[in-house]
Amino acid sequence: MSKKKRFILSIDGGGIRGLIPLRVLESLESRLAQRAIKEPMHKHFDLMCGTSTGGLIVAGLAAPKPGGEKGEAAATIKELRDFYELEARDIFTYSLGKRLARAFINPFNLFDETYDARPLERLLKERFGWTSMASALTKIVLTSYDIEQRKAVFMTNGLEENGSRPNDYYFWQAVRATTAAPSYFEPARVENLSTGKEEAMVDGGVFMNDPAMAAYLEARKLGFSSEDTVIISLGTGQSQKRPFPYKQAIGWGALGWMQPSKGVPILSMFSDGQSQTASYQASRLFTELGSAQYYRLNGVLDPESEDFDNARPGNLIALNGTADRIIRDETVMLDRLADMLRDNAETEPTDATGSMENAA
């Protein structure tokens, strides 16, 4: 009998563009159902990793539902899709009163891009309750950056380098931290349940928008062998048709580089550049090593769809269009992945070193 594989799901950051990988997951779920496999996603993946909007998605699929049945996730793929297509409009809505108040403090509106985080926090509390990451239904990693301790943070229920237990966080606060994109939301104040101290964090996309390599390293700490690891990396779209003209950029100054009306160029370049680099490096690395299997699914965005906060109906249609093209163009890959997940679900677990039971 073949040895059971270790599947890793990694999802990029990208704000409202999280609808794209979510649609790809929806297609994968549909393909599994056609193969008579109807288990929730957390049953298929030994590790889920996400940055920003990707963190929100994997947390929804991996966190236990407050008051739900045993093994029931906080959200289904359909519920997450409703979140992006319906509830996200409430999150990405400017507060006129708040903007006017800021105008008195800063007449140049340097901070007019900041959204009120309270609608997002309310939705996160409703969805995740007060469950902590230690109770996740599978292994999970969310990226963030601690602005006070000046360090990258990988919030996980896995293991530290020395084999000890990692710090624990409430799920809703961890998601709030990984989605706290600078210039869009204020930094998140989260409680470290292990130390009892509060920490100030921002979006992990400031240093790692594509967390695939982080997911792989976390898997190695858990004892997963490279040869038995399969990484499915989902992007949130790449904008190749929306340049930042030189003649405009030379006159931006500090304000222009952070201006929401321009798509927050500096943040956009950071996230897009890191995602491109990480996917290239992962592809080359795993190919040359001949170890872990790596599958990357991403697509090209319409020029007006790059903005993280564009939740208008017309843009949601465009994002769905990008997802449709990925699903159409990658049909063979998606069918192959569905076959692999089906075969893995039908494979009896082994007692090999590095099993989830041993890693826990």
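**Exercise 1. Identify the residues that form one aromatic cluster.**

Solution. Rings of Phe, Tyr and Trp (its six-membered ring) pair if their centres lie within 6.5 Å; planes under 30 degrees apart count as stacked, over 60 as edge-to-face and the rest as tilted. One aromatic cluster is formed by Phe92, Tyr115, Tyr184, Phe185 and Phe308. The model is a predicted one, in which local features need pLDDT of at least 70 and side-chain atom pairs count only at pLDDT 80 or more, while totals for chains, interfaces and linings use all residues. Residues are numbered from 1 along each chain as its sequence is written, and side-chain values use heavy atoms, with hydrogens and water left out.

**Exercise 2. Classify the ring pair of Trp130 and Trp172, and state which parts of the chain the pair ties together.**

Solution. Step one concerns geometry: the ring centres of Trp130 and Trp172 are 5.8 Å apart and the planes stand at 90°, so the pair is edge-to-face. Step two concerns location. Trp130 belongs to the loop between α6 (118–128) and β3 (139–146) and Trp172 to helix α7 (residues 171–178), so the pair links parts 42 residues apart in sequence. Helices (H or I, at least four residues) and strands (E, at least two) are DSSP runs, numbered from the N terminus. Step three concerns accessibility, where buried means under 20% relative accessible area, exposed over 50%, and partly exposed in between (1.4 Å probe, protein chains only). Trp130 is exposed at 54%, whereas Trp172 is buried at 7%.

**Exercise 3. Is the pair of Phe286 and Tyr294 stacked, edge-to-face or tilted?**

Solution. The centres of the two rings, Phe286 and Tyr294, lie 5.9 Å apart with planes at 40°, so the pair is tilted. Both Phe286 and Tyr294 are buried. Arg284, in helix α11 (residues 265–289), is ten residues from Tyr294 in sequence and 9.7 Å from Tyr294 in space, C-alpha to C-alpha. Arg284 is partly exposed, with a relative accessibility of 41%.

**Exercise 4. Which residues touch the most other members of the largest nonpolar core?**

Solution. A nonpolar core is a set of buried Ala, Val, Leu, Ile, Met, Phe, Trp, Tyr and Cys residues joined through side-chain atoms within 4.5 Å. The largest has 77 residues, of which Leu9, Leu25, Phe128, Ile140 and Met155 touch the most other members. Helix α1 (residues 19–34) contributes the most to this core, with seven residues. A second, separate core of 16 residues includes Tyr216, Ala219, Ile231 and Tyr294. In helix α8 (residues 212–221), the buried residues include Tyr216 and Ala219.

**Exercise 5. Locate Ala36 and Ser183, and state their phi values.**

Solution. Ala36, in the loop between α1 and α2 (41–44), has a positive phi near 65°. Ser183, in the loop between α7 and β5 (188–191), has a positive phi near 80°. Neither residue is a glycine. Ala36 is exposed at 66%, whereas Ser183 is buried at 9%.

**Exercise 6. Over which residues does pLDDT stay under 50?**

Solution. The predictor's confidence in each residue, from 0 to 100, is its pLDDT. The chain average is 88, and 89% of the residues score at least 70. The value stays under 50 over residues 99–113 and over residues 351–360.

Terms used. Contact = heavy atoms within 4.5 Å.
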